[in-house]
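Here is a short note for a first look at this model. Please keep the structure open while reading the points.

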Amino acid sequence: MKTIADPDSPPADLNAPLRQALDWIRAGRFADARALLEPLAARPGIRPGEHPDERLNLLLAYALGGSHEPVRAAALFCALALRYPAAVHPAYDLVTLLVAQNRRADAEPVLQEVVARTPHDGRAHESLGDLLIQLGRFRDAEARLRTAIDLRPDSLSAQNLMAACLSEQGRNAEADAIFRRVLAAHPDDATTHANRGHLLAAENTFDAALDHFRQAIALRPDDARVRLNHSIALLKAGRYAEGWTEHEWRFRLPGHASVSAATLMPSLTPDLDIAGTHILLTHEEGLGDTLMYLRYLPPLVRRGARLTVRVPETLAPLVRRIAGLHRVITGDQPAPAPVPAYDWHCPLISLPRVFAATAEAMGDPPPYLTASPELVRHWRPYLPSNGRLNVGVVWAGSSRPDVTKAYMTDRRRSMKLAALAPLGRVAGINLVSLQKGPATAQMADLPDDMRLYDPMEDVRDMDDTAALVASLDVVVSVDTSIVHLAGALGRPVIMLDRYDNCWRWLSGREDSPWYPTLRIIRQPRPHAWDDVVAGTAAILEQMAAGMPERLFQKS
(Lines give C-alpha, C1' and ligand atoms only; values in the text may rest on other atoms or scores of the structure.)
Protein backbone atom coordinates (compact mmCIF):
# COMPACT_ATOMS: atom_id res chain seq x y z
CA MET A 1 0.00 0.00 0.00
CA LYS A 2 1.38 3.39 -0.94
CA THR A 3 1.16 5.73 2.03
CA ILE A 4 2.11 9.30 2.85
CA ALA A 5 4.91 9.64 5.36
CA ASP A 6 4.68 11.51 8.70
CA PRO A 7 1.22 13.15 8.73
CA ASP A 8 2.59 15.95 10.91
CA SER A 9 4.82 17.00 8.01
CA PRO A 10 2.37 17.58 5.18
CA PRO A 11 3.76 17.40 1.66
CA ALA A 12 4.23 20.71 -0.05
CA ASP A 13 1.98 19.59 -2.89
CA LEU A 14 -1.18 17.52 -2.44
CA ASN A 15 -1.80 17.22 -6.16
CA ALA A 16 -0.06 13.87 -6.62
CA PRO A 17 -1.79 11.99 -3.77
CA LEU A 18 -5.15 13.52 -4.65
CA ARG A 19 -4.77 12.42 -8.25
CA GLN A 20 -3.89 8.94 -7.03
CA ALA A 21 -6.91 8.88 -4.73
CA LEU A 22 -9.21 10.00 -7.53
CA ASP A 23 -7.85 7.29 -9.83
CA TRP A 24 -8.47 4.67 -7.15
CA ILE A 25 -12.00 5.95 -6.47
CA ARG A 26 -12.86 5.81 -10.17
CA ALA A 27 -11.50 2.26 -10.25
CA GLY A 28 -13.66 1.27 -7.28
CA ARG A 29 -10.73 1.04 -4.87
CA PHE A 30 -12.46 3.11 -2.20
CA ALA A 31 -10.67 1.50 0.75
CA ASP A 32 -7.26 2.23 -0.77
CA ALA A 33 -8.25 5.84 -1.38
CA ARG A 34 -9.50 6.14 2.18
CA ALA A 35 -6.23 4.75 3.57
CA LEU A 36 -4.32 7.29 1.51
CA LEU A 37 -6.48 10.30 2.37
CA GLU A 38 -7.24 9.84 6.07
CA PRO A 39 -3.66 10.55 7.27
CA LEU A 40 -3.60 13.65 5.11
CA ALA A 41 -6.85 14.92 6.60
CA ALA A 42 -5.85 14.19 10.21
CA ARG A 43 -3.87 17.35 10.97
CA PRO A 44 -3.46 18.66 14.54
CA GLY A 45 -6.06 21.27 15.36
CA ILE A 46 -8.19 20.51 12.27
CA ARG A 47 -11.56 18.89 12.84
CA PRO A 48 -12.87 16.35 10.32
CA GLY A 49 -14.09 18.07 7.19
CA GLU A 50 -12.28 21.32 7.88
CA HIS A 51 -9.06 20.66 6.03
CA PRO A 52 -8.27 23.80 3.99
CA ASP A 53 -8.01 21.79 0.76
CA GLU A 54 -11.62 21.01 -0.04
CA ARG A 55 -10.60 18.63 -2.82
CA LEU A 56 -9.28 16.37 -0.07
CA ASN A 57 -12.53 16.66 1.92
CA LEU A 58 -14.62 15.76 -1.13
CA LEU A 59 -12.45 12.80 -2.16
CA LEU A 60 -12.41 11.51 1.41
CA ALA A 61 -16.21 11.74 1.48
CA TYR A 62 -16.36 9.63 -1.70
CA ALA A 63 -13.87 7.13 -0.26
CA LEU A 64 -15.83 6.80 2.98
CA GLY A 65 -19.12 6.48 1.14
CA GLY A 66 -17.71 3.70 -1.01
CA SER A 67 -16.21 2.00 2.06
CA HIS A 68 -19.56 1.55 3.84
CA GLU A 69 -19.04 4.50 6.21
CA PRO A 70 -22.27 6.42 5.57
CA VAL A 71 -22.26 8.51 8.77
CA ARG A 72 -18.76 9.89 8.32
CA ALA A 73 -19.25 10.36 4.57
CA ALA A 74 -22.52 12.23 5.13
CA ALA A 75 -20.88 14.54 7.67
CA LEU A 76 -18.28 15.59 5.09
CA PHE A 77 -20.84 15.96 2.30
CA CYS A 78 -23.11 18.11 4.47
CA ALA A 79 -20.26 20.38 5.54
CA LEU A 80 -19.32 20.92 1.90
CA ALA A 81 -22.95 21.47 0.89
CA LEU A 82 -23.32 24.14 3.57
CA ARG A 83 -20.38 26.06 2.15
CA TYR A 84 -21.73 25.91 -1.42
CA PRO A 85 -25.51 26.35 -1.15
CA ALA A 86 -25.99 27.21 -4.83
CA ALA A 87 -24.15 24.16 -6.20
CA VAL A 88 -25.42 20.64 -6.89
CA HIS A 89 -25.22 18.64 -3.68
CA PRO A 90 -21.71 17.16 -3.42
CA ALA A 91 -23.12 13.75 -2.48
CA TYR A 92 -24.79 13.47 -5.88
CA ASP A 93 -21.65 12.31 -7.69
CA LEU A 94 -21.19 9.43 -5.24
CA VAL A 95 -24.11 7.75 -7.01
CA THR A 96 -22.34 8.00 -10.37
CA LEU A 97 -19.13 6.60 -8.91
CA LEU A 98 -20.90 3.64 -7.32
CA VAL A 99 -23.06 2.96 -10.38
CA ALA A 100 -19.85 2.47 -12.39
CA GLN A 101 -18.98 -0.35 -9.97
CA ASN A 102 -22.50 -1.86 -10.06
CA ARG A 103 -23.00 -0.74 -6.46
CA ARG A 104 -25.92 1.64 -6.93
CA ALA A 105 -27.72 0.51 -3.75
CA ASP A 106 -24.67 1.28 -1.60
CA ALA A 107 -25.25 5.01 -2.16
CA GLU A 108 -28.62 4.93 -0.40
CA PRO A 109 -27.39 4.76 3.24
CA VAL A 110 -25.16 7.78 2.59
CA LEU A 111 -27.95 9.83 0.99
CA GLN A 112 -30.44 8.80 3.67
CA GLU A 113 -27.98 10.02 6.31
CA VAL A 114 -27.45 13.27 4.38
CA VAL A 115 -31.22 13.87 4.35
CA ALA A 116 -31.48 13.08 8.07
CA ARG A 117 -28.74 15.59 8.88
CA THR A 118 -30.02 18.34 6.58
CA PRO A 119 -33.78 17.82 6.19
CA HIS A 120 -34.29 21.38 4.95
CA ASP A 121 -31.80 21.07 2.08
CA GLY A 122 -33.90 20.37 -1.02
CA ARG A 123 -30.80 19.27 -2.91
CA ALA A 124 -30.37 16.32 -0.55
CA HIS A 125 -33.95 15.15 -1.14
CA GLU A 126 -33.46 15.64 -4.89
CA SER A 127 -30.30 13.51 -4.95
CA LEU A 128 -31.99 10.74 -2.97
CA GLY A 129 -35.06 10.93 -5.20
CA ASP A 130 -32.91 10.49 -8.30
CA LEU A 131 -31.28 7.40 -6.79
CA LEU A 132 -34.64 5.92 -5.78
CA ILE A 133 -35.88 6.30 -9.38
CA GLN A 134 -32.87 4.28 -10.50
CA LEU A 135 -33.64 1.66 -7.86
CA GLY A 136 -37.22 1.38 -9.15
CA ARG A 137 -38.78 2.59 -5.87
CA PHE A 138 -40.99 5.14 -7.51
CA ARG A 139 -43.36 5.93 -4.63
CA ASP A 140 -40.44 6.67 -2.32
CA ALA A 141 -38.79 8.73 -5.06
CA GLU A 142 -41.97 10.70 -5.67
CA ALA A 143 -42.24 11.56 -1.97
CA ARG A 144 -38.65 12.77 -1.82
CA LEU A 145 -39.00 14.84 -4.97
CA ARG A 146 -42.20 16.47 -3.71
CA THR A 147 -40.29 17.53 -0.63
CA ALA A 148 -37.44 18.80 -2.79
CA ILE A 149 -39.87 20.89 -4.85
CA ASP A 150 -41.59 22.22 -1.72
CA LEU A 151 -38.22 23.32 -0.36
CA ARG A 152 -37.01 24.74 -3.68
CA PRO A 153 -40.02 25.59 -5.86
CA ASP A 154 -37.77 27.13 -8.52
CA SER A 155 -35.57 24.04 -8.94
CA LEU A 156 -35.97 22.99 -12.57
CA SER A 157 -33.87 19.88 -12.00
CA ALA A 158 -36.20 18.63 -9.25
CA GLN A 159 -39.26 19.19 -11.44
CA ASN A 160 -37.63 17.42 -14.39
CA LEU A 161 -36.79 14.51 -12.09
CA MET A 162 -40.39 14.38 -10.90
CA ALA A 163 -41.53 14.20 -14.52
CA ALA A 164 -39.03 11.38 -15.13
CA CYS A 165 -40.32 9.54 -12.06
CA LEU A 166 -43.91 9.77 -13.31
CA SER A 167 -42.93 8.74 -16.84
CA GLU A 168 -41.10 5.67 -15.53
CA GLN A 169 -44.42 4.62 -13.99
CA GLY A 170 -46.26 5.13 -17.28
CA ARG A 171 -47.89 8.34 -16.06
CA ASN A 172 -46.90 10.28 -19.15
CA ALA A 173 -49.77 12.77 -19.12
CA GLU A 174 -48.83 13.88 -15.59
CA ALA A 175 -45.17 14.10 -16.60
CA ASP A 176 -46.06 16.22 -19.61
CA ALA A 177 -48.12 18.57 -17.45
CA ILE A 178 -44.98 19.25 -15.41
CA PHE A 179 -42.94 19.97 -18.52
CA ARG A 180 -45.59 22.36 -19.81
CA ARG A 181 -45.73 24.24 -16.51
CA VAL A 182 -41.95 24.55 -16.38
CA LEU A 183 -41.71 25.79 -19.97
CA ALA A 184 -44.49 28.31 -19.42
CA ALA A 185 -42.37 29.89 -16.67
CA HIS A 186 -38.94 29.15 -18.20
CA PRO A 187 -39.30 29.04 -22.00
CA ASP A 188 -35.52 29.15 -22.49
CA ASP A 189 -34.69 26.05 -20.48
CA ALA A 190 -32.98 23.71 -22.93
CA THR A 191 -33.09 20.68 -20.62
CA THR A 192 -36.86 20.80 -20.25
CA HIS A 193 -37.34 21.31 -23.99
CA ALA A 194 -35.19 18.23 -24.66
CA ASN A 195 -36.93 16.16 -22.00
CA ARG A 196 -40.38 17.06 -23.30
CA GLY A 197 -39.17 16.24 -26.82
CA HIS A 198 -38.06 12.81 -25.58
CA LEU A 199 -41.43 12.18 -23.90
CA LEU A 200 -43.42 13.27 -26.96
CA ALA A 201 -41.27 11.06 -29.22
CA ALA A 202 -42.10 8.12 -26.94
CA GLU A 203 -45.76 8.97 -27.53
CA ASN A 204 -45.11 9.15 -31.32
CA THR A 205 -46.03 12.85 -31.43
CA PHE A 206 -43.12 13.64 -33.69
CA ASP A 207 -43.81 17.15 -35.01
CA ALA A 208 -44.10 18.58 -31.52
CA ALA A 209 -41.20 16.47 -30.25
CA LEU A 210 -38.87 17.67 -33.00
CA ASP A 211 -39.93 21.26 -32.43
CA HIS A 212 -38.84 21.00 -28.80
CA PHE A 213 -35.53 19.48 -29.82
CA ARG A 214 -34.97 22.33 -32.28
CA GLN A 215 -35.55 24.83 -29.49
CA ALA A 216 -33.18 22.95 -27.18
CA ILE A 217 -30.50 22.89 -29.88
CA ALA A 218 -30.91 26.62 -30.54
CA LEU A 219 -30.28 27.22 -26.84
CA ARG A 220 -27.43 24.69 -26.50
CA PRO A 221 -26.14 23.86 -29.99
CA ASP A 222 -23.10 21.92 -28.75
CA ASP A 223 -24.85 19.69 -26.21
CA ALA A 224 -24.07 16.20 -27.49
CA ARG A 225 -26.76 14.54 -25.37
CA VAL A 226 -29.48 16.81 -26.75
CA ARG A 227 -28.22 16.28 -30.31
CA LEU A 228 -28.14 12.50 -29.90
CA ASN A 229 -31.68 12.38 -28.51
CA HIS A 230 -32.76 14.61 -31.40
CA SER A 231 -31.28 12.07 -33.81
CA ILE A 232 -33.20 9.25 -32.15
CA ALA A 233 -36.48 11.17 -32.51
CA LEU A 234 -35.70 11.78 -36.20
CA LEU A 235 -34.95 8.10 -36.77
CA LYS A 236 -38.10 6.94 -34.99
CA ALA A 237 -40.07 9.35 -37.19
CA GLY A 238 -38.52 7.62 -40.24
CA ARG A 239 -36.46 10.67 -41.22
CA TYR A 240 -33.37 8.56 -41.75
CA ALA A 241 -31.08 10.83 -43.76
CA GLU A 242 -31.28 13.62 -41.17
CA GLY A 243 -31.19 11.19 -38.28
CA TRP A 244 -28.04 9.36 -39.34
CA THR A 245 -26.11 12.62 -39.75
CA GLU A 246 -27.25 13.91 -36.37
CA HIS A 247 -26.42 10.53 -34.79
CA GLU A 248 -22.70 11.22 -35.26
CA TRP A 249 -22.93 13.54 -32.24
CA ARG A 250 -22.59 10.42 -30.11
CA PHE A 251 -18.82 10.64 -30.60
CA ARG A 252 -18.84 13.78 -28.44
CA LEU A 253 -20.55 12.20 -25.46
CA PRO A 254 -18.42 12.03 -22.30
CA GLY A 255 -16.76 8.64 -22.11
CA HIS A 256 -17.61 7.66 -25.67
CA ALA A 257 -14.73 6.47 -27.82
CA SER A 258 -13.76 9.21 -30.22
CA VAL A 259 -13.01 8.79 -33.91
CA SER A 260 -10.57 11.01 -35.77
CA ALA A 261 -12.35 13.25 -38.26
CA ALA A 262 -9.40 12.74 -40.62
CA THR A 263 -9.99 8.99 -40.88
CA LEU A 264 -13.76 8.74 -40.31
CA MET A 265 -15.25 7.19 -43.43
CA PRO A 266 -17.15 9.74 -45.55
CA SER A 267 -20.64 9.24 -46.92
CA LEU A 268 -20.70 7.44 -50.27
CA THR A 269 -21.35 9.54 -53.37
CA PRO A 270 -21.48 8.53 -57.06
CA ASP A 271 -17.97 9.85 -57.68
CA LEU A 272 -16.34 8.23 -54.63
CA ASP A 273 -14.42 5.10 -55.61
CA ILE A 274 -13.50 2.95 -52.61
CA ALA A 275 -12.06 0.00 -54.55
CA GLY A 276 -8.82 -1.10 -52.92
CA THR A 277 -9.23 1.10 -49.84
CA HIS A 278 -8.70 -0.52 -46.46
CA ILE A 279 -11.63 0.18 -44.09
CA LEU A 280 -11.62 -0.65 -40.39
CA LEU A 281 -15.15 -1.43 -39.14
CA THR A 282 -15.62 -1.62 -35.38
CA HIS A 283 -18.27 -2.81 -32.93
CA GLU A 284 -19.46 0.13 -30.85
CA GLU A 285 -22.34 -0.60 -28.48
CA GLY A 286 -24.72 -3.54 -28.06
CA LEU A 287 -24.62 -6.86 -29.90
CA GLY A 288 -27.99 -6.10 -31.48
CA ASP A 289 -26.64 -2.92 -33.08
CA THR A 290 -23.73 -4.78 -34.62
CA LEU A 291 -25.93 -7.63 -35.88
CA MET A 292 -28.25 -5.09 -37.50
CA TYR A 293 -25.49 -3.11 -39.26
CA LEU A 294 -23.56 -6.11 -40.58
CA ARG A 295 -26.00 -5.89 -43.53
CA TYR A 296 -23.80 -3.12 -44.94
CA LEU A 297 -20.64 -5.23 -45.23
CA PRO A 298 -21.60 -7.06 -48.47
CA PRO A 299 -22.25 -3.76 -50.32
CA LEU A 300 -18.82 -2.53 -49.25
CA VAL A 301 -17.25 -5.75 -50.48
CA ARG A 302 -19.00 -5.38 -53.83
CA ARG A 303 -17.45 -1.94 -54.15
CA GLY A 304 -14.01 -3.49 -53.84
CA ALA A 305 -13.10 -2.32 -50.33
CA ARG A 306 -10.76 -4.38 -48.14
CA LEU A 307 -12.55 -4.79 -44.81
CA THR A 308 -11.09 -5.45 -41.40
CA VAL A 309 -13.91 -5.98 -38.91
CA ARG A 310 -13.37 -5.83 -35.16
CA VAL A 311 -16.18 -7.38 -33.11
CA PRO A 312 -16.58 -9.13 -29.74
CA GLU A 313 -15.41 -12.72 -29.71
CA THR A 314 -18.98 -14.03 -29.41
CA LEU A 315 -19.80 -12.59 -32.87
CA ALA A 316 -16.54 -13.39 -34.66
CA PRO A 317 -17.47 -16.84 -36.09
CA LEU A 318 -20.74 -15.47 -37.53
CA VAL A 319 -18.98 -12.50 -39.10
CA ARG A 320 -16.23 -14.63 -40.63
CA ARG A 321 -18.85 -16.35 -42.81
CA ILE A 322 -19.68 -13.08 -44.56
CA ALA A 323 -18.05 -13.48 -47.98
CA GLY A 324 -15.20 -11.26 -49.06
CA LEU A 325 -13.92 -9.89 -45.76
CA HIS A 326 -10.20 -9.28 -45.50
CA ARG A 327 -9.88 -9.93 -41.79
CA VAL A 328 -11.99 -10.36 -38.65
CA ILE A 329 -10.38 -9.53 -35.32
CA THR A 330 -11.75 -9.42 -31.80
CA GLY A 331 -11.63 -6.51 -29.40
CA ASP A 332 -12.25 -8.40 -26.18
CA GLN A 333 -10.01 -7.72 -23.24
CA PRO A 334 -7.51 -8.41 -21.81
CA ALA A 335 -5.62 -8.89 -25.08
CA PRO A 336 -7.42 -7.25 -28.02
CA ALA A 337 -6.01 -8.08 -31.43
CA PRO A 338 -3.74 -5.47 -33.02
CA VAL A 339 -5.39 -3.22 -35.60
CA PRO A 340 -3.72 -3.16 -39.02
CA ALA A 341 -3.19 0.04 -40.98
CA TYR A 342 -6.32 1.43 -42.63
CA ASP A 343 -7.44 4.28 -44.85
CA TRP A 344 -10.76 4.89 -43.15
CA HIS A 345 -12.32 3.94 -39.86
CA CYS A 346 -16.09 3.39 -39.67
CA PRO A 347 -17.83 2.35 -36.44
CA LEU A 348 -20.62 0.02 -37.52
CA ILE A 349 -23.34 2.39 -36.29
CA SER A 350 -22.10 4.97 -38.81
CA LEU A 351 -22.68 2.67 -41.79
CA PRO A 352 -26.30 3.79 -42.40
CA ARG A 353 -24.99 7.37 -42.68
CA VAL A 354 -22.32 6.21 -45.13
CA PHE A 355 -24.95 4.55 -47.37
CA ALA A 356 -27.80 7.06 -46.85
CA ALA A 357 -27.60 8.56 -50.37
CA THR A 358 -27.16 5.25 -52.20
CA ALA A 359 -29.51 2.62 -53.56
CA GLU A 360 -28.43 0.42 -50.63
CA ALA A 361 -29.57 2.80 -47.91
CA MET A 362 -30.96 -0.16 -45.95
CA GLY A 363 -28.01 -2.44 -46.71
CA ASP A 364 -28.50 -5.97 -47.97
CA PRO A 365 -31.85 -7.60 -47.11
CA PRO A 366 -31.87 -10.66 -44.85
CA PRO A 367 -30.60 -13.25 -44.77
CA TYR A 368 -27.18 -11.61 -44.70
CA LEU A 369 -25.93 -13.93 -41.96
CA THR A 370 -25.82 -17.73 -42.08
CA ALA A 371 -25.62 -20.40 -39.43
CA SER A 372 -22.83 -22.97 -39.51
CA PRO A 373 -24.16 -26.21 -41.10
CA GLU A 374 -21.91 -28.21 -38.80
CA LEU A 375 -23.28 -26.47 -35.72
CA VAL A 376 -26.85 -26.86 -36.95
CA ARG A 377 -26.26 -30.60 -37.12
CA HIS A 378 -24.62 -30.52 -33.69
CA TRP A 379 -27.48 -28.66 -31.98
CA ARG A 380 -30.46 -30.27 -33.68
CA PRO A 381 -30.60 -33.22 -31.22
CA TYR A 382 -30.93 -30.70 -28.38
CA LEU A 383 -34.34 -29.68 -29.70
CA PRO A 384 -37.53 -31.72 -29.29
CA SER A 385 -38.67 -33.72 -32.32
CA ASN A 386 -42.25 -34.59 -31.46
CA GLY A 387 -44.04 -33.07 -34.45
CA ARG A 388 -44.88 -29.83 -32.65
CA LEU A 389 -43.63 -26.34 -33.52
CA ASN A 390 -40.39 -25.45 -31.75
CA VAL A 391 -40.64 -21.91 -30.39
CA GLY A 392 -37.57 -20.18 -28.98
CA VAL A 393 -38.29 -17.75 -26.14
CA VAL A 394 -36.33 -14.86 -24.58
CA TRP A 395 -38.02 -12.85 -21.83
CA ALA A 396 -35.22 -10.58 -20.59
CA GLY A 397 -32.34 -8.56 -21.92
CA SER A 398 -28.97 -7.72 -20.43
CA SER A 399 -29.55 -5.22 -17.62
CA ARG A 400 -26.11 -3.47 -17.78
CA PRO A 401 -26.53 -2.07 -14.23
CA ASP A 402 -23.35 0.00 -14.54
CA VAL A 403 -24.96 2.12 -17.30
CA THR A 404 -27.96 3.94 -15.84
CA LYS A 405 -29.86 4.65 -19.06
CA ALA A 406 -29.47 1.07 -20.33
CA TYR A 407 -30.35 -0.31 -16.89
CA MET A 408 -33.60 1.67 -16.71
CA THR A 409 -34.52 0.87 -20.31
CA ASP A 410 -34.04 -2.82 -19.62
CA ARG A 411 -36.57 -2.64 -16.80
CA ARG A 412 -39.15 -1.57 -19.37
CA ARG A 413 -38.19 -3.96 -22.17
CA SER A 414 -37.77 -7.13 -20.05
CA MET A 415 -40.49 -9.18 -18.40
CA LYS A 416 -40.67 -12.01 -15.90
CA LEU A 417 -40.87 -15.57 -17.23
CA ALA A 418 -44.15 -15.88 -15.34
CA ALA A 419 -45.70 -13.35 -17.72
CA LEU A 420 -45.28 -15.90 -20.54
CA ALA A 421 -47.51 -18.43 -18.76
CA PRO A 422 -50.22 -18.26 -21.49
CA LEU A 423 -47.71 -19.58 -24.03
CA GLY A 424 -47.39 -22.74 -21.99
CA ARG A 425 -51.05 -23.45 -22.66
CA VAL A 426 -50.86 -23.19 -26.46
CA ALA A 427 -51.43 -26.62 -27.96
CA GLY A 428 -49.04 -28.00 -30.56
CA ILE A 429 -45.87 -26.12 -29.60
CA ASN A 430 -42.68 -26.73 -27.66
CA LEU A 431 -41.09 -23.81 -25.79
CA VAL A 432 -37.30 -23.72 -26.04
CA SER A 433 -35.30 -21.28 -23.93
CA LEU A 434 -32.79 -19.04 -25.68
CA GLN A 435 -32.33 -17.02 -22.49
CA LYS A 436 -28.91 -16.25 -21.06
CA GLY A 437 -27.82 -14.34 -17.98
CA PRO A 438 -29.35 -13.84 -14.53
CA ALA A 439 -32.94 -14.18 -15.81
CA THR A 440 -32.35 -17.91 -16.33
CA ALA A 441 -32.77 -18.33 -12.55
CA GLN A 442 -36.51 -17.79 -13.07
CA MET A 443 -36.71 -21.22 -14.72
CA ALA A 444 -36.42 -22.75 -11.25
CA ASP A 445 -40.06 -21.72 -10.69
CA LEU A 446 -41.85 -22.35 -13.98
CA PRO A 447 -45.45 -21.21 -14.43
CA ASP A 448 -48.08 -23.91 -14.14
CA ASP A 449 -48.55 -25.93 -17.34
CA MET A 450 -45.29 -24.67 -18.83
CA ARG A 451 -42.60 -27.04 -19.99
CA LEU A 452 -39.43 -25.31 -21.12
CA TYR A 453 -36.62 -27.06 -22.94
CA ASP A 454 -33.26 -25.48 -22.11
CA PRO A 455 -30.26 -26.17 -24.37
CA MET A 456 -28.42 -22.96 -23.42
CA GLU A 457 -26.11 -24.25 -20.71
CA ASP A 458 -23.62 -25.50 -23.31
CA VAL A 459 -23.98 -22.55 -25.68
CA ARG A 460 -20.64 -20.76 -26.03
CA ASP A 461 -21.31 -17.86 -28.36
CA MET A 462 -23.69 -16.32 -30.88
CA ASP A 463 -22.64 -18.89 -33.47
CA ASP A 464 -24.08 -21.67 -31.32
CA THR A 465 -27.21 -19.60 -30.75
CA ALA A 466 -27.54 -18.98 -34.49
CA ALA A 467 -27.46 -22.71 -35.11
CA LEU A 468 -30.28 -23.23 -32.62
CA VAL A 469 -32.32 -20.38 -34.11
CA ALA A 470 -31.85 -21.81 -37.61
CA SER A 471 -33.53 -25.03 -36.46
CA LEU A 472 -36.48 -23.40 -34.70
CA ASP A 473 -39.84 -22.69 -36.32
CA VAL A 474 -40.14 -19.23 -34.76
CA VAL A 475 -38.48 -17.09 -32.10
CA VAL A 476 -40.44 -15.09 -29.53
CA SER A 477 -38.36 -12.45 -27.78
CA VAL A 478 -38.41 -9.10 -26.07
CA ASP A 479 -36.25 -6.44 -27.76
CA THR A 480 -32.83 -8.06 -27.48
CA SER A 481 -29.98 -9.08 -29.77
CA ILE A 482 -31.82 -12.37 -30.42
CA VAL A 483 -34.43 -10.45 -32.44
CA HIS A 484 -31.65 -9.10 -34.66
CA LEU A 485 -29.98 -12.50 -34.92
CA ALA A 486 -33.18 -14.26 -35.98
CA GLY A 487 -34.05 -11.43 -38.38
CA ALA A 488 -30.58 -11.38 -39.92
CA LEU A 489 -30.82 -15.15 -40.47
CA GLY A 490 -34.21 -14.67 -42.16
CA ARG A 491 -36.04 -16.70 -39.51
CA PRO A 492 -39.58 -15.89 -38.30
CA VAL A 493 -39.47 -13.82 -35.12
CA ILE A 494 -42.17 -12.26 -32.96
CA MET A 495 -40.95 -9.33 -30.88
CA LEU A 496 -42.70 -8.49 -27.62
CA ASP A 497 -42.16 -4.73 -27.62
CA ARG A 498 -42.38 -2.14 -24.88
CA TYR A 499 -44.70 0.88 -25.17
CA ASP A 500 -41.87 3.43 -25.56
CA ASN A 501 -40.20 1.36 -28.24
CA CYS A 502 -36.74 1.74 -29.71
CA TRP A 503 -36.48 4.08 -32.73
CA ARG A 504 -35.64 1.25 -35.14
CA TRP A 505 -39.09 -0.29 -34.83
CA LEU A 506 -40.77 2.98 -35.91
CA SER A 507 -44.41 3.45 -34.83
CA GLY A 508 -47.89 2.45 -35.87
CA ARG A 509 -46.87 -0.77 -37.60
CA GLU A 510 -46.36 -4.45 -36.85
CA ASP A 511 -43.71 -5.12 -39.49
CA SER A 512 -40.19 -3.77 -39.99
CA PRO A 513 -38.30 -2.52 -43.04
CA TRP A 514 -35.16 -3.99 -41.49
CA TYR A 515 -36.38 -7.57 -41.04
CA PRO A 516 -39.18 -8.87 -43.33
CA THR A 517 -39.69 -11.93 -41.12
CA LEU A 518 -40.34 -9.84 -38.00
CA ARG A 519 -43.80 -9.41 -36.45
CA ILE A 520 -44.07 -6.76 -33.70
CA ILE A 521 -46.60 -7.04 -30.87
CA ARG A 522 -46.36 -3.80 -28.88
CA GLN A 523 -47.73 -2.77 -25.51
CA PRO A 524 -50.88 -0.65 -25.96
CA ARG A 525 -49.95 1.21 -22.76
CA PRO A 526 -46.87 1.23 -20.52
CA HIS A 527 -46.07 -2.02 -18.69
CA ALA A 528 -49.05 -3.87 -20.24
CA TRP A 529 -47.47 -7.24 -21.05
CA ASP A 530 -50.71 -9.22 -20.68
CA ASP A 531 -52.08 -7.91 -23.99
CA VAL A 532 -48.76 -8.55 -25.75
CA VAL A 533 -48.51 -12.14 -24.53
CA ALA A 534 -52.16 -12.84 -25.38
CA GLY A 535 -51.60 -11.58 -28.93
CA THR A 536 -48.49 -13.71 -29.24
CA ALA A 537 -50.31 -16.81 -28.00
CA ALA A 538 -52.97 -16.22 -30.68
CA ILE A 539 -50.32 -16.06 -33.41
CA LEU A 540 -48.67 -19.24 -32.17
CA GLU A 541 -52.02 -21.01 -32.16
CA GLN A 542 -52.47 -20.05 -35.82
CA MET A 543 -48.96 -21.23 -36.65
CA ALA A 544 -49.53 -24.52 -34.89
CA ALA A 545 -52.69 -24.89 -37.00
CA GLY A 546 -50.60 -24.56 -40.16
CA MET A 547 -51.13 -20.88 -41.11
CA PRO A 548 -47.69 -19.24 -40.72
CA GLU A 549 -47.22 -17.72 -44.16
CA ARG A 550 -49.42 -14.64 -43.89
CA LEU A 551 -48.37 -13.82 -40.33
CA PHE A 552 -44.98 -12.48 -41.32
CA GLN A 553 -45.86 -10.57 -44.46
CA LYS A 554 -45.76 -6.79 -44.60
CA SER A 555 -49.10 -5.18 -44.01
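1. The side chains of Glu248 and Arg353 form a salt bridge, at 3.0 Å from N to O. This pair links distant parts of the chain, 105 residues apart. Glu248 sits in the loop between helix 14 (240–247) and strand 1 (278–282), and Arg353 in helix 18 (residues 351–355). Both Glu248 and Arg353 are buried. Please keep in mind that this is a predicted model.

2. Asp176 and Arg180 also pair up, with their closest N and O atoms 3.4 Å apart. Both lie in helix 10 (residues 172–185). They are four residues apart, about one turn of the helix. Asp176 has a relative accessible area of 12%, so it is buried. Arg180 is at 45%, so it counts as partly exposed.

3. Arg460 bridges to Asp464, with 2.9 Å between the closest N and O atoms. Arg460 is exposed because its relative accessible area is 64%. Asp464 is buried, at 1%.

4. Some salt bridges share partners. Glu168, Arg411, Arg412, Arg498 and Asp500 are joined in this way into one network. The count of salt bridges comes to 38.

5. Now the helix pair. Helix 4 (residues 70–83) packs on helix 6 (residues 108–117) at an angle of about 55 degrees, and their axes are 8 Å apart. The two helices are therefore oblique to each other. The crossing is right-handed.

6. Which residues of helix 4 meet helix 6? They are Pro70, Val71, Ala73, Ala74, Ala75, Phe77 and Cys78. Their partners in helix 6 are Pro109, Val110, Glu113, Val114 and Arg117. Ten residues of this contact are nonpolar, none polar and two charged.

Terms used
Residues numbered from 1 in each chain as written. Predicted model: local features only at pLDDT ≥ 70, side-chain atom pairs only at ≥ 80, totals over all residues. Heavy atoms only, no water. Axes fitted to C-alpha atoms, helices over the stretch in contact; angles between N-to-C directions. Parallel < 35°, antiparallel > 145°, perpendicular 65-115°, else oblique. Left-handed = near helix turned anticlockwise from the far one by under 90°. Contact = heavy atoms within 4.5 Å. Nonpolar A, V, L, I, M, F, W, Y, C, P; charged D, E, K, R; others polar. Salt bridge = Lys/Arg side-chain N within 4 Å of Asp/Glu carboxyl O. Buried < 20%, exposed > 50% of the residue type's maximum accessible area, 1.4 Å probe, protein only.
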